[in-house]
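Welcome, and thanks for taking a look at this one with me. Here are a few notes to keep beside you while you turn the model around.

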Amino acid sequence: MTPWLAAARAVGCEIAGRYADDVDAQARFPSEALSALKEQGLLGILVPESEGGPGADIAAVVSICHELGRHCASTAMIYAMHQIQVACIVRHAGPNPWLREFMRRLVREQLLLASATSEAGVGGDVRTSICALDERRGKFTLTKQAPVISYGEHCDAILVTARRTLQSPPSDQVIVVVPRADASLQVQESWNTLGMRGTCSNGYRLAAEGEMAQVIPAPYADVSAQTMLPTSHLVWGALWLGLATEALSRARSFVRTEAKKKPGVPPVGAARLAAAGVELQSMKGDVLSCLRRYMDASASEDTLAGIPFAVAMNNLKILSSGKLVRIVGEAMLICGLEGYRNDSAFSIGRLLRDAHSAVVMVSNDRIAANNANLGLALRDDPEPLA
Amino acid sequence: MSAPLKVRVRAVLKTAGSLQGGFDALEDSSDLHAAGLTSHATVSLMLALEEAFDVEFPDRLLRRKTFSSIDAIADALAEIGVRDVAA
């Protein structure tokens with residue numbers, strides 16, 4: 001176990017889990033857990049040693065998301081979304097001095113990064129923007145109608161996508177790092193949802209200004225294909241696996257309690273528990289095989305930019321979110337009324353509500369439609385099995 | 001079929017690239033993605049090129065870079081055996 005995972009486990013068990021129900025009930029930011037993650041230095045672990053970080057790899061982040069997912073899915077999701085942004089900066093900053101200094105600050109001050117990629121009016125397609133950078137003499141201004149910016153009021157910087165210039169077509173996007181102090185956020189819509197209530201993903205009108213040096217030099221299309229898309233689906237898959245694991249853990253405790261009450265008589269939920277375990281095992285396999293595939297491909301921009309890789313990562317999202325919802329649903333059935341209660345030790349309610357966000361946020365139907373288009377270009381897989 | 005390769009590529013791009021406006025100002029080296037070629041339209045463009053030139057792009061060429069300019073497309077087509085007439 002890495003020291004980071006050990007620290008995350010302590011934060012999860014002692015803090016995130018303790019406040020999870022209150023975070024959910026109040027739909028509030030999990031400030032205790034995030035403060036603890038900052039104190040443990042876990043926000044900057046992806047930053048390379050050259051910029052003062054420990055240079056952890058994506059596997060370390062994936063294992064932390066998995067661990068946090070067991071204790072508080074909102075905390076895990078916030079940590080996951082933060083690390084997606086960090087991964088984009090780490091991989092694509094290039095020699096840009098502003099971005100390199102920003103990474104140093106991120107480690108020193110444990111900055112929390114949020115994201116404003118979606119935009120009102122583009123029909124959910126994050127690969128097109130309406131808003132644009134308005135550049136004058138090396139400085140830019142930017143206004144964006146963002147239907148959700150998760151934990152926007154609690155972050156230290158926001159990564160915002162926009163058209164490169166006022167003249168650029170909608171698909172010619174860049175992504176720019178905007179420190180929170182240089183952005184004004186006007187709330188347009190509040191976050192009152194079924195689950196994942198602690199992410200506080202309000203809608204905002206975002207107005208920002210800054211220097212052109214804050215723009216990540218690579219086109220957003222490359223940042224998205226090589227980093228944002230694969231790391232998103234890996235860290236989400238991992239935290240959903242943690243959530244599913246927790247649900248089955250409660251179901252297993254319930255079945256074991258039942259078994260002890262009547263020794264020799266198999267509890268009614270035992271077979272269902274075993275069947276759900278099959279699905280959990282395959283869910284874990286999906287995450288691990290895609291993690292290996294990403295790590296193997298990460299040195300090759302061509303592989304990461306290829307259609308087979310994009311389809312595989314999209315498949316991971318569809319697979320793991322679907323399995324999560326089914327597994328947590330099974331856990332509810334296994335625990336029966338004790339699972340349905342909000343105040344029992346076997347309560348599944350919060351987990352079930354959190355789980356349903358997985359298929360909705362970045363809609364699986366949208367991802368499937370995207371895969372259907374990419375599938376027109378797919379070739380037979382020539383890779384030998386082993 | 002006697003027009004130069006890049007002229008034929010341009011003709012396919014005009015019908016299948018879904019580029020909005022400014023098409024005639026495009027140079028052979030212009031960045032098509034910056035000109036508005038979306039990732040969705042790239043797949044349509046690939047299929048249209050395969051149909052027009054009666055070829056199939058191998059996996060290794062199925063990436064954004066291959067379709068980043070008229071020059072890049074012509075290079076890829078040449079690589080998989082499409083011959084140019086003397087321009």
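How many bridges join strand 4 of chain A to strand 5 of chain A, and do the two run parallel or antiparallel? The first point below has the answer.

1. Strand 4 (residues 157–163) and strand 5 of chain A run antiparallel and are joined by seven bridges. One such pair links Leu159(A) with Val177(A) in strand 5 of chain A. Strands and helices here are DSSP runs numbered from the N terminus (strands: E, at least two residues; helices: H or I, at least four), and two strands pair if DSSP finds at least two bridges between them.

2. A word on the source: this is a predicted model, in which local features need pLDDT of at least 70 and side-chain atom pairs count only at pLDDT 80 or more, while totals for chains, interfaces and linings use all residues. Residues are numbered from 1 along each chain as its sequence is written, with chains lettered from A and ligands numbered from 1 in the order in which they are written.

3. The sheet of chain A is open, with three strands in the order 1-4-5 and mixed pairing. Strand 1 (113–116) and strand 5 (173–179) of chain A are its edges, each pairing on one side only. From one strand to the next, the twist averages 25°. Helix 4 (residues 73–92) of chain A packs on this sheet and touches strands 1, 4 and 5 of chain A; its direction makes about 85° with that of strand 1 of chain A. Angles run from 0 to 180 degrees between N-to-C directions, and axes are lines fitted to C-alpha atoms, for helices over the stretch in contact.

4. Now find helix 6 (residues 220–261) and helix 7 (residues 270–297) of chain A, whose axes come within 10 Å and cross at roughly 160°. The two helices of chain A are therefore roughly antiparallel (an angle over 145 degrees). Among the residues that meet are Leu241(A) and Leu248(A) from helix 6 of chain A, and Leu280(A) and Val287(A) from helix 7 of chain A. The contact residues divide into 17 nonpolar, three polar and three charged (Ala, Val, Leu, Ile, Met, Phe, Trp, Tyr, Cys and Pro count as nonpolar, Asp, Glu, Lys and Arg as charged, the others, Gly among them, as polar).

5. Finally, chain A is divided into domain 1 (3–112), domain 2 (114–214) and domain 3 (220–375), with bounds from an automatic or database domain assignment. Nine residues of domain 2 of chain A are in contact with eight of domain 3 of chain A (C-beta atoms, placed from the backbone, within 7 Å).

How values were computed. Angles under 35 degrees count as roughly parallel, over 145 as roughly antiparallel, 65 to 115 as roughly perpendicular and the rest as oblique. Two residues are in contact if their C-beta atoms, placed from the backbone, lie within 7 Å.
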